[in-house]
Amino acid sequence: MSDPHPQTAPLPRHVAIIMDGNGRWARRRKLPRTAGHQAGVAAVRRTVEHCAKRGIEVLTLFAFSSENWRRPPEEVAVLMRLFQLTLERETAKLHENGIRIRVIGDRCAFPPELQHRILEAERLTFANRRMTLVIAANYGGRWDIVQAARALARRVEQGELKSQDIDETLFAAHLAGAELPEPDLFIRTGGEVRISNFLLWQLAYTELYFSEVLWPDFDAAELDRALAEYARRERRFGHTSEQLELKKSYG
Ligand code: IPE
Ligand code: IPE
Ligand code: MG
């Protein structure tokens, strides 16, 4: 079979995904919403494997937003349990495959056993270099910006910094996942066309791809379609197309 994503196409270093559509997937099958979340775990596994195979450096998955606490408590409890179970079941295999696990978001709100699991997974896989899997859990883009502002304010209060020292680079250095490259490609499954308080600052120049596929049905073929679309985009970062052409010819 021919490779739909040849090595020559520009590959995103960092892919960030809003995994949406679990509930609708379940409803279409007359199943409880939680069955959709369960089916979503298999799609996570497929996606991690395929991204690692394609040579993606960083994969960020939005697993639970700061606003998802508004859901029925039973659903929230199932999501927490699934997160914990998946970490327990998958961490060793991820580690064997050279994958580093990083969790971003306000983890203080999670049950202590889950916080413990997260820390263990991060510690075990810390030195792995094949791919970094970032899980955004109890994450919100606004939360992230506020926690960065607070950290900077603390440093000013302590006399370490002056307010004039704060620029975009220093601000970005205080955001969650500051050590990672910014996302090149954003994918949202499930047909909604919005950001839902995902990485707000970090998505400033990210290429956006919206897929109708519901998350539990997301597979290698759909990921390759997004990668192929990314390869066709021209990222100008404020320049003109002509400037980019000149840069290409003269280096
Ligand atoms: C995404 O699927 C999973 C989480 C937000 C945790 P949804 O549960 O939002 O599925 P829909 O949007 O209701 O179909
Ligand atoms: C975004 O999906 C959050 C995650 C996928 C974790 P939602 O389903 O919660 O987003 P809205 O509520 O439709 O904007
Ligand atoms: Mg949704």
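Trainee: By class, how many nonpolar, polar and charged residues does the lining of the largest pocket have?

Mentor: In this predicted model, the lining of the largest pocket has 23 nonpolar, 11 polar and 13 charged residues, where Ala, Val, Leu, Ile, Met, Phe, Trp, Tyr, Cys and Pro count as nonpolar, Asp, Glu, Lys and Arg as charged, and the others, Gly among them, as polar. Residues are numbered from 1 along each chain as written, and chains are lettered from A and ligands numbered from 1 in the order written. Local features need pLDDT of at least 70, side-chain atom pairs count only at pLDDT 80 or more, totals for chains, interfaces and linings use all residues, and side-chain values use heavy atoms, with hydrogens and water left out.

Trainee: Which of the lining residues of the largest pocket lie nearest its centre?

Mentor: Of the 47 residues that line the largest pocket, Met19, Asn22, Val44, Phe62 and Ala63 lie nearest its centre; a pocket is an open set of points on a 1 Å grid over the protein atoms alone, where a 1.4 Å probe fits, with protein on both sides within 12 Å along at least five of seven lines, and a lining residue has an atom within 4 Å of a point.

Trainee: Which atoms of Asp20, Asn22 and Arg33 lie close to an oxygen atom of ligand 1 as polar contacts?

Mentor: The cut-off for a polar contact is a pair of N or O atoms within 3.5 Å. For ligand 1, a polar side-chain atom of Asp20 lies 2.9 Å from an oxygen atom, a backbone N or O atom of Asn22 lies 3.1 Å from one, and a polar side-chain atom of Arg33 lies 2.8 Å from one, so these pairs meet the cut-off.

Trainee: Which residues surround ligand 1?

Mentor: Among them are Asp20, Asn22, Arg33, His37 and Leu79, each with a heavy atom within 4 Å of the ligand, and the shell divides into 3 nonpolar, 5 polar and 4 charged residues.

Conventions:
A polar contact is a pair of N or O atoms within 3.5 Å; within protein, one must be able to donate a hydrogen and the other to accept it, and residues adjacent in sequence count only if both atoms are side-chain atoms.
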